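Me: I would like a close look at a single part of this structure, followed by how that part sits within the whole. Please take it step by step.

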Amino acid sequence: MSSIEIRLGGSGGQGLILAGIILAEAAILDGKNSVQSQSYGPEARGGSSKAEVIISNEYITYPKVLKPDILLTLASSAYLCYKNDMKENGIIIIDESIIPNDEDTQKVVRLPIIKTAQEIIGRAFVANIISLGVIAELTNVVTKESLERAVLNRVPPATEEINKRALREGYNLVKMRGSEIWQKQMI
């Protein structure tokens, strides 16, 4: 791995800025170089937000994502805004509520991330942590051990168990749909 560029996009309040921070920290715990940046609209909740993470075994010379290898988005508006910036062989991970464009040249993986947070975990606010589990299981960009450690370093102590469970549910989403994803040659 020389360098992996990741963009997490969604609406304010979905916790994707925190997810970006956690992902960057997990990479550092794995002994890699990582930078993280973020931006969000002026709205407190509901406005657009994005977190960008670059992970590399080498020195990172520019701290901004130019062409993401991975895009994860939990909102249609973010998908429409960011999907055209992708590397040609990139992976787009979207919540199942988002309808992908048939003309996308990237591999698109649709998973019930928000539904899993609401119905399996019972807390919508952990969709960001489920997303991190999905990214880790699909790409191995960080180890599961470092990712869990980074999650536990960043979440309130009273929510540690629910966040560990959310991370496992993210891994399970990919494992349960793995053969379907592979058969469609999406990854």
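Me: How many of the 14 residues of H1 are buried, and why is the helix described as it is in relation to the rest of the structure?

Reply: Keeping in mind that this is a predicted model, one can begin with the count: ten of the 14 residues of H1 are buried, so the helix is largely enclosed by the rest of the structure. Those buried residues are Leu16, Ile17, Ala19, Gly20, Ile22, Leu23, Ala24, Glu25, Ala26 and Ala27, each of them falling under the cut-off of 20% relative accessible area.

The geometry of the helix can be checked as well. H1 covers residues 16-29, and at 1.5 Å a residue its 14 residues should span 20 Å; the C-alpha atoms at its ends are 20 Å apart, which agrees. H1 is followed by Gly31, a residue whose phi is positive, near 85 degrees.

Leaving aside residues up to four places away in sequence, Asn128 touches Gln14, Gly15, Leu16, Leu18 and Ala19, and its side chain reaches the backbone oxygen of Gly15 at 2.9 Å. Asn128 has a relative accessibility of 4% and therefore counts as buried.

Of its 187 residues, 52% count as buried, while the accessible surface of the chain comes to about 9200 Å², with 48% of it belonging to carbon and sulfur atoms. Among contacts between residues at least 6 apart in sequence, 57% join residues at least 24 apart.

As for the interior, in soluble globular proteins nonpolar side chains tend to be buried together. Here the largest nonpolar core has 44 residues, of which Ile93, Ile113, Ile130, Leu132, Val134, Val142 and Leu147 touch the most other members. Apart from this core lies another, of nine residues, including Leu71, Ala78, Met86 and Ile92. Returning to Ile113 in the largest core, its contacts, again without residues up to four places away in sequence, are Leu72, Leu74, Ile93, Asp95, Ala127, Ile130, Ser131, Val134 and Leu173.

Notes: Residues are numbered from 1 along each chain as its sequence is written. This is a predicted model: local features need pLDDT of at least 70, side-chain atom pairs count only at pLDDT 80 or more; totals for chains, interfaces and linings use all residues. Side-chain values use heavy atoms; hydrogens and water are left out. Helices (H or I, at least four residues) and strands (E, at least two) are DSSP runs, numbered from the N terminus. The expected span of a helix is 1.5 Å times one less than its number of residues. Buried means under 20% relative accessible area, exposed over 50%, partly exposed in between (1.4 Å probe, protein chains only). A nonpolar core is a set of buried Ala, Val, Leu, Ile, Met, Phe, Trp, Tyr and Cys residues joined through side-chain atoms within 4.5 Å. Contact means heavy atoms within 4.5 Å. Accessible areas come from the Shrake-Rupley method with a 1.4 Å probe; for residues, only the protein chains shown count as cover. A polar contact is a pair of N or O atoms within 3.5 Å; within protein, one must be able to donate a hydrogen and the other to accept it, and residues adjacent in sequence count only if both atoms are side-chain atoms.
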